[in-house]
Amino acid sequence: MIDRIKALESKATALEPERNHITTLTTTYAEKHLASIYNTKAYFSEDPGGKSFLDHPIGEEGTNIEELLSIIHEEVDEAGINAAAHGHLGYIPGGGLYASALGDYLAAVTNNYAGIFFASPGAVRLENQLITWMAEMVGYQAGYAGNLSSGGSIANLTAVVTARDAHELKSADIPKAVIYCTHQMHHCLLKAIRIAGLKEAHLREIPQDNRHRMVPETLKAQIEKDKAEGLNPWLVIASAGTTDVGAVDPLEEVGQVAKSYNCWYHIDAAYGGFFMLLDEKKHLFRGAALSDSIVLDPHKGLFLPFGTGALLVRNKQHLLDSHFYMANYLQDVHTPDAELSPADLSPELTKHFRGLRMWLPLKLHGLGPFKAALEEKLALCEYFYTKIQEIPNIEVGPEPELSVCYFRYLPENGDSNTFNQQLLNLIHQDGRVFMSSTTLDNKFLIRAAVLSFRTHLASIDLALDIIKTNIEKLKKSEVPTSP
Ligand SMILES: Cc1ncc(COP(=O)(O)O)c(C=O)c1O
């Protein structure tokens, strides 16, 4: 028995390797990646990548780090969207702050258990400090609670479940419950509604004004109508920065309507939320404190690498009611002096110590550079919006409220949707910047979403140049009349 254990121990010690070599090679790889980040493409259209993983199955024996880094380089880092690139102007661009990577490194090396106060009071207090900072920014009074999630989708799902339980919706009540939103609401909320078992609830898409914002008077009229029909107006969801066009619903007016009908008021501020830090945009977020729950995404507006969203709930009891559980084997962890623990406020028990990747850059750099970067993104979007209109035959949407805008080219001949799809294809083929598209009223539109902390004036000038060049190229070719 002892001999067997010792033999196994000897083999298993490979899991505690000599660190110098692998650390040096890994950090050298990361440095090389970052050293060329302003010159590498934002999109690699040529090769779908990842194909050779089949040639490298997981096996009994290990592989040397040199080979593994080379696989990562070829199959992952140079395939698809380069989400850390300055030229990433598609969807909602991600960040990738280096200080966050260091936070993740320390979180993984120490493996602090951030789920329960008893297990790591420091880690939980650190996360709670971040929740407090965001809640105060939103304007919540004492009594709130929140949670750092893996992203906006999970944070929104947690909010929908909390709203369902707070209004004590049981399965028999669902067919009468009504949810209000606009067509611009992010689809992760539709997913959340389905996952939360609420598919049978009525979904009312409230019409938008000409800037894609919810019209509060129409919301009120629809709620009145639903009440008159014996339905149960339950949940109003506003967006503070829609993904498609960056629109911010009139949060205060919508909130007042929601409150006056006793609806749960949720705001999805996953994209736009951190613009609240800027004095010049504070007016857009007036009324955020009326919400019962709000989602912000630090991996968007605080430029963190993917993997951090945040949910805040105005009355902590509601979040606890939906998520607090006891287990016999955890009977020691609930001590009277404990602070609120993430495990009691979310579906997760064991979780990544994701607070560190947010706390470290905020503390290391201070808020100043974050605010400057956010203000710069607003200015860059405004600049793009102005400059793109200097190209003849360009049609733009409304002036950007935040850092997303859209445009399309109206060709003299041929189908506009086909032309703009082809224009986007050429932008992708070039790859130095990455843009994405959307469809509004059957119009194919190209979006410019400015949120990467690495996007600066040169990136926007480059994008404008690529767009101009490719419009000229397409004008010389025959554009078919249908896609
Ligand atoms: C407005 C909005 N809400 C929610 C989400 C979903 O967040 P995540 O991708 O972090 O899950 C997004 C993502 O782009 C978003 O833009």
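This is a predicted model: local features need pLDDT of at least 70, side-chain atom pairs count only at pLDDT 80 or more; totals for chains, interfaces and linings use all residues.
**Entry 1: a salt bridge**

I began with Glu 401 and Arg 213, whose side chains meet in a salt bridge at 3.7 Å, N to O. I took a salt bridge to be a side-chain nitrogen of Lys or Arg within 4 Å of a carboxyl oxygen of Asp or Glu. Residues are numbered from 1 along each chain as its sequence is written, and side-chain values use heavy atoms, with hydrogens and water left out.

**Entry 2: the two domains**

I looked up the domain assignment, which gives domain 1 (105–365) and domain 2 (367–476); such bounds come from an automatic or database assignment. I noted 31 Å between the centres of the two domains, taken over C-alpha atoms. Domain 1 brings 29 residues to the contact and domain 2 brings 20, contact meaning heavy atoms within 4.5 Å.

**Entry 3: the interface**

I recorded about 2,400 Å² buried between domain 1 and domain 2, with 68% of it on carbon and sulfur atoms. Buried area is the accessible area (1.4 Å probe) that two parts lose on being put together, summed over both. I found one salt bridge between the domains. I also found eight residue pairs in polar contact, both residues at pLDDT 80 or more. A polar contact is a pair of N or O atoms within 3.5 Å; within protein, one must be able to donate a hydrogen and the other to accept it, and residues adjacent in sequence count only if both atoms are side-chain atoms.

**Entry 4: the ligand**

I then asked which residues come nearest to the ligand. I noted a backbone N or O atom of Gly 152 at 2.7 Å from a ligand oxygen. The side chain of Asp 268 has an N or O atom 2.6 Å from a ligand nitrogen.

How values were computed
A residue is near a molecule or strand if one of its heavy atoms lies within 4 Å of it.
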